[in-house]
2 protein chains.
Amino acid sequence: MNLSPLTQAFVLHFGEMGSRWGINRTVGQIYALLYIAAEPLCADDIVEKLGVSRSNVSMGLRELQAWNLVLLKHLPSDRRDFFTTPDDVWQILRTLAEERKKREVDPTLSVLREILMQKPADEGERHAQARMAEMHGLIEQLTTWYDDVKKLETDRLAMLLGLGARVTKILEVKDRIVSIGRQRAPTEKGRAP
Amino acid sequence: MNLSPLTQAFVLHFGEMGSRWGINRTVGQIYALLYIAAEPLCADDIVEKLGVSRSNVSMGLRELQAWNLVLLKHLPSDRRDFFTTPDDVWQILRTLAEERKKREVDPTLSVLREILMQKPADEGERHAQARMAEMHGLIEQLTTWYDDVKKLETDRLAMLLGLGARVTKILEVKDRIVSIGRQRAPTEKGRAP
DNA sequence: CTGAATTTTCAGTAATTTCTGAAATAGACG
DNA sequence: CGTCTATTTCAGAAATTACTGAAAATTCAG
């Protein structure tokens, strides 16, 4: 591995973390390298810096492209492919969330839904289905929230994060306002949209 | 594998998902089995239902205990260990979040901090550090938010989720309220805590 | 077209991870 | 203490996953 110590520490860490996720060490290292590189890199740059085979780099880049985590660039009068990561870390986070949802959450929801369609054969299956329904409900609540907040522009999202639990304080204020509103229309039962 | 088709589909899916995370197939299957079981199971129950070796189950249970995902129960006048998962799916989610943070996020933050302490040797390292600082900032924002909302009771948290992006609408209301307040004290510069 | 540069594919090998069976350990109970 | 039951440990086998080198495919300038 042909990297400065500072860079190497980062790249090695992402290699480790990569194996802890579904992606392998080399893929993690390639990503880390592209993330911190000042300029787009071509495959041979990566081969040289990481000391792995050309074919391994090719496969790793392909996987990163499948994850939408890298951008392909072309320099004028150079046939080689150059790669970068998006500049905006929030955008990277969004992509990561979206891809993990697609790979992990959606298939799980679909399996749960399928099983919940079936009729339980006995008390054990009845209980199992009830548990699965609980899990399904939780995941659906989370993904509904996610689908909702992912539409926010980044600065709004950051603001929301910054508020954290203090949002509930504001909600209390809102509840007071709403309840004052209710005093004028005490028969109303539903909530405001 | 000695399970009803309905149960088996669930268990097999969690086995697959397990390998997609850091945990292995058997561990995923054991967890799934305990999650849907109506009663606590002992190791030999699991051996029988999953058709894997006793030692494999022992190791799998140990890993699940390390993740705080299973509870150990003892029945009166029975020396065997029985295992369950917590009933409350929100509690399970919290545990999962906490453990993954501990294993994935905290080490990353610590590596980033360590690298950011060093002095960059050249322009490349300067740029690399700037990128790492961006990543560090993002992760810190996310974990600050997480540390904040994890303290909420479950019903509050569920309410927040239910609101989703609509929270920003309420924030706009709040902003108006605050700005009305400002008209009385126009020199104030900071924000309310 | 040709051919040089670049990238991809893939069969085989290496490395890693998972799983097992046998043996060791732990502890309850007479 | 010895025995019986339950659990853990661990060395090696089995399975899976990652990696490589060689060959094939693709791309594009001339």
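Me: What makes the pair formed by a phosphate oxygen of DNA strand D and a polar backbone atom of A:Ser53 a polar contact?

Reply: This is a predicted model, and in it the phosphate oxygen of DNA strand D is 2.8 Å from a polar backbone atom of A:Ser53. A polar contact needs a pair of N or O atoms within 3.5 Å, so the pair qualifies.

Me: Which part of DNA strand D is 2.7 Å from the side chain of A:Ser55?

Reply: A base oxygen of DNA strand D is 2.7 Å from an N or O atom in the side chain of A:Ser55.

Me: Which elements give two or more residues to the surface near DNA strand D?

Reply: They are helix H2 (25–36) and helix H4 (54–66) of chain A, together with helix H4 (54–66) of chain B. H4(B) gives the largest share, 5 residues. By class, this surface has 2 nonpolar, 7 polar and 7 charged residues.

Me: How do you know which residues are closest to DNA strand C, and how many surround it?

Reply: A residue counts as near the strand if one of its heavy atoms lies within 4 Å of it. For DNA strand C there are 15 such residues, and the closest are A:Arg79, A:Asp81, B:Ser53, B:Ser55 and B:Arg79. Of the atoms of DNA strand C that come within 4 Å of the protein, sugar and phosphate account for 62%. One phosphate oxygen of DNA strand C is 2.8 Å from a polar backbone atom of A:Asp81.

Me: Why are the two copies, chain A and chain B, said to be related as by a two-fold rotation axis?

Reply: A rotation of 180 degrees with 0.0 Å of shift along its axis superposes chain B on chain A, with an RMSD of 0.1 Å. The two copies are thus related as by a two-fold rotation axis. As for the surface they use, 100% of the contact residues of chain B recur in chain A. Of the residues of chain B, B:Trp21 comes closest to the axis, at 2.7 Å (C-alpha).

Me: What makes A:Lys150 and A:Glu98 a salt bridge?

Reply: Their side chains meet at 3.3 Å, N to O. The limit is 4 Å, so the pair is a salt bridge. A:Lys150 lies in the loop between helix H6 (123–149) and helix H7 (154–163) of chain A and A:Glu98 in helix H5 (residues 89–117) of chain A, so the pair ties together parts 52 residues apart in sequence. The two residues also belong to a network of salt bridges with A:Asp147.

Me: Is A:Glu99 called buried or exposed, and why?

Reply: Buried means under 20% relative accessible area. A:Glu99 has 3%, so it counts as buried. By contrast, A:Glu98 is at 30% relative accessibility and counts as partly exposed.

Me: How many residues apart are A:Glu99 and A:Arg103 in helix H5 of chain A?

Reply: They are 4 residues apart, which means a separation of about one helical turn. The closest N and O atoms of their salt bridge are 2.5 Å apart.

Note on methods:
Residues are numbered from 1 along each chain as its sequence is written. Chains are lettered from A and ligands numbered from 1 in the order in which they are written. This is a predicted model: local features need pLDDT of at least 70, side-chain atom pairs count only at pLDDT 80 or more; totals for chains, interfaces and linings use all residues. Side-chain values use heavy atoms; hydrogens and water are left out. Copies are superposed by least squares on the C-alpha atoms of residues with pLDDT of at least 70 in both. Contact means heavy atoms within 4.5 Å. A polar contact is a pair of N or O atoms within 3.5 Å; within protein, one must be able to donate a hydrogen and the other to accept it, and residues adjacent in sequence count only if both atoms are side-chain atoms. Ala, Val, Leu, Ile, Met, Phe, Trp, Tyr, Cys and Pro count as nonpolar, Asp, Glu, Lys and Arg as charged, and the others, Gly among them, as polar. Buried means under 20% relative accessible area, exposed over 50%, partly exposed in between (1.4 Å probe, protein chains only).
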